[in-house]
Amino acid sequence: MAAKYIVVANWKMHPSTLREARKLFDATRKIAEKASKVSTILAPSSLHLLPLSSEYKGKKLQFAAQNAREGDEGAFTGDISVGQVEDSKAEYLLVGHAERRERGETNDDTRQKVASALAHGLTPILCVGERVRSASGEHFTFVREQLKAGFQSVDPNTAHKVMVAYEPVWAIGSEEAMSPRSMHEMAIFIRKTIVELHGAKGEKLKILYGGAVNQENAAHMLLYGDVVGLLVGRASVDPKEFALLIESVQQNG
Ligand code: PGA
C-alpha cells in the first residue's frame, strides 16, 4: 500500500438497501480516488460486499468484511466464513470489533479469526479497546489481554501483517474522540506489547485509531497520535462528511 495513510470506512449495518449502498459506494469511490495520500478500505455489510467488490473495476479502493467465522465452510447457520470473504475479493477482515464483542465474541474467537484470516491471505484488522478508563491504568492490562489472545496463534514472522485498530469503547459512537496524546501513549504500549510477545518485527505493526473520528480531528490524530490510519464509522456513511474528512487528511496530514 503506497499511500501514507489508511482510512477504513466501517459502514456497519448501513444502508438498508443495495441500491443505496451502490449510491454511497459511488460517492465514496470518487472521494477516495482523488486522495493520493489515503488508501481507503471499505467495509460494507456482508450482503453488500460481493456486489460492490465485483462491480468495482478500479484499483484505489480495497474491501474488508466486518466479521467472519474461521475456516471455509460448515454447519454454522447465519455465519459467513473467512474463505467466503477471500472469495469475495476482500483483502481485509475486521476482527473483534467492540460491537461484536458486545454480543459475545471472546478473545479466543479473535485468536481463531486472526489466524484463519492470515492463512487465507487476508489482512486481519484486530480491534481492541477498553470499555472504561480509570486512573489506576487497568485499561492497559485489559488491552494487553486482548492483544495477547488475538496474536496467540500468529507466527512471529507474520505478526507485523496484522493491523491493530485501537478503539476505546467509550469513544465509539460518542461526541468526542480520544486525544492524539493519549493515542500516542497507547500506540507505544501496543507496539511494546507485540514486540515483547513476538519479537522485533512487531515494531513494524500498523496501528489505527477509531472512535468518533470526523473531519475536525482526523488529520490531527494522524499527525500526533502515532497511528497510520483511522477506522471511521458514522462519518463514513455520510458522503459530505466523509469527503471533508478525506480532504482534511489530504491537505493537512
Ligand atoms: P464511530 O464508530 O466513528 O461512529 O464512532 C467507529 C467504529 O465503531 O468503528
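Guide: Helices α2 (46-55) and α4 (98-101) each put at least two residues into the lining of the largest pocket; helices here are DSSP runs of H or I, at least four residues, numbered from the N terminus. This is a predicted model, where local features need pLDDT of at least 70 and side-chain atom pairs count only at pLDDT 80 or more, while totals for chains, interfaces and linings use all residues. Residues are numbered from 1 along each chain as its sequence is written, and side-chain values use heavy atoms, leaving out hydrogens and water.

The largest pocket holds about 550 Å³ of space. Of its 17 lining residues, K12, M13, Q66, N67 and R100 are the closest to the centre. A pocket, on a 1 Å grid over the protein atoms alone, is an open set of points where a 1.4 Å probe fits, with protein on both sides within 12 Å along at least five of seven lines; lining residues have an atom within 4 Å of a point. By class, that lining has five nonpolar, seven polar and five charged residues, with Gly counted as polar and Asp, Glu, Lys and Arg as charged.

On to the ligand: N10, K12, H97, E167, I172, G173, G211, A212, L231, G233 and R234 surround it, each with a heavy atom within 4 Å. Sorted by class, this shell has three nonpolar, five polar and three charged residues.

Terms used:
Grid points are joined across faces, edges and corners, and a volume is the space filled by probe spheres set on the points.
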